[in-house]
Amino acid sequence: MAIATWMMCSLDAVSCTGITLSTKDGFTITARTIEWAGGDLNSRYVIVPAGYAQQSWLPGGARDGCRFAARYGYVGLAVEEDPFVVEGVNEAGLSAGLFYFPEYGEYPEYDASQNDKTLSDLQLVSWVLSGFRSVDEVKQALQGVRVAGIDPRGSTVHWRITEQGGRQMVVEIVAGKLQCYDNPLGVLTNSPGFEWHQTNLNNYVNLVPGTMSDRLVGDLTLRAFGGGSGLHGIPGDMTPPSRFVRAAFFQATAPRQESCEDAVLQAFHILNNFDIPVGIQFAEGQTVPDIPSATQWTVATDLQNRRIYFRTMYNSNIRCIDLKTIDFRKVRFQSAMLDAVHKQPIEMVRVQ
């Protein structure tokens, strides 16, 4: 199963970076990347109507776990299989996303006698979008399910859930115990745990926006080489701790935009800094897969206007699905690949 291979790949091959922006009027935009250097994730979008019934996959591949039906219709971006929604938003304005969380998470031991309460970690986003409109509703409902990995050899994941008003929660399962954290910062990457990342930001208390002033050292005047020198020393590698720090500072220094659409475009610009070239994920002599980027797609969600925007490693044009144009009581379930053609379109400029 390709999805199991994805979950079991090396720690360097999978990474995700999430940010959250707000407009001057306080409207919320969530955005994130998804990376996998191992090959094409066969990503697709799914349109899920209200009333659509699903049943969770279980360890070993059986599909007779927790049953749930969609109280709300939603749009999601899935990998490998339609139920495995990694990021999405529902018609009530709740967004949810899955982030890789290796080594630090640990789900409860699988108990076949509780299959009716068992929910695959790769389907938790679908479950959230199907049934809830607020962080508090999700937090309460999580007490009634047991999360399991489809393949016990695979990595664990953690989740980011955001309601329309901007309140955000990070969900982690560590040592078999569910942990829910408020996330006023709005940033999320991968391991270690969310609280560790917040504490680690204190190591960078010296970082400030702008250009450092000249400084006299003895008789020598030191001057900054260029703009933005106040962030000299910000970590530039691709590890989750370094990406968390960069995302936090890039997000915090971004000017607030007037419109949601402008904030969406700003989110894409910020996340340009987190595109990961596929070659750096592999040691010298290893075979590099034939994909253009380890960052397979980037998505931004406008919770106020119920729009989800995305671009991919094959097509950097930004595309949008407007949930307000969909009648989720009449639409049928739909699934379509994000890219029908695996080649970046190039527009020729014709000179008169």
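This section describes cysteines, a surface patch, loop contacts and backbone geometry in a predicted model.

The model contains zero disulfides. For cysteine 320, the closest cysteine sulfur belongs to cysteine 260 and lies 12 Å away; because a disulfide requires two cysteine sulfur atoms within 2.5 Å, this separation is too far for a bond. Cysteine 320 is partly exposed, at a relative accessibility of 36%. Cysteine 16, with a relative accessibility of 2%, is buried.

Glycine 26 is located in the loop that joins strand E2 (18–22) to strand E3 (28–36), and its relative accessible area of 37% places glycine 26 in the partly exposed class.

Glutamine 257 occupies the loop between helix H5 (240–253) and helix H6 (260–271). Within this region, a polar atom of the glutamine 257 side chain lies 3.2 Å from the backbone oxygen of proline 255. When residues up to four places away in sequence are not counted, glutamine 257 touches Ser22, Thr23 and Lys24, together with Asp262, Ala263 and Gln266.

On the surface, a nonpolar patch is formed by Val217, Leu220 and Leu222, whose accessible area together amounts to about 250 Å². Of these residues, valine 217 belongs to strand E15 (residues 215–217). A relative accessibility of 40% makes valine 217 partly exposed.

Several loop residues were examined for backbone geometry. Most peptide bonds are trans, and most residues other than glycine have a negative phi. The peptide bond leading from serine 191 to proline 192 is cis, with omega near 0 degrees. Proline 192 is situated in the loop between strand E14 (177–182) and helix H4 (194–200).

Positive phi values occur at glutamate 80, where phi is near 65 degrees, and at arginine 306, where phi is near 60 degrees. Glutamate 80 lies in the loop connecting strand E7 (74–78) with strand E8 (85–90), whereas arginine 306 is found in the loop between strand E17 (295–302) and strand E18 (307–312). Glutamate 80 has a relative accessibility of 12% and therefore counts as buried. Arginine 306 is likewise buried, with a relative accessible area of 13%.

Notes. Residues numbered from 1 in each chain as written. Predicted model: local features only at pLDDT ≥ 70, side-chain atom pairs only at ≥ 80, totals over all residues. Heavy atoms only, no water. Buried < 20%, exposed > 50% of the residue type's maximum accessible area, 1.4 Å probe, protein only. Patch = residues over 30% accessible without salt bridge, like charges linked within 9 Å, V, L, I, M, F, W, Y side chains within 5 Å. Areas by Shrake-Rupley, 256 points an atom, 1.4 Å probe, with all protein chains shown as cover. Salt bridge = Lys/Arg side-chain N within 4 Å of Asp/Glu carboxyl O. Helix = DSSP H or I, 4+ residues; strand = E, 2+ residues; numbered from the N terminus. Polar contact = N/O pair within 3.5 Å; in protein donor to acceptor, adjacent residues only side chain to side chain. Contact = heavy atoms within 4.5 Å.
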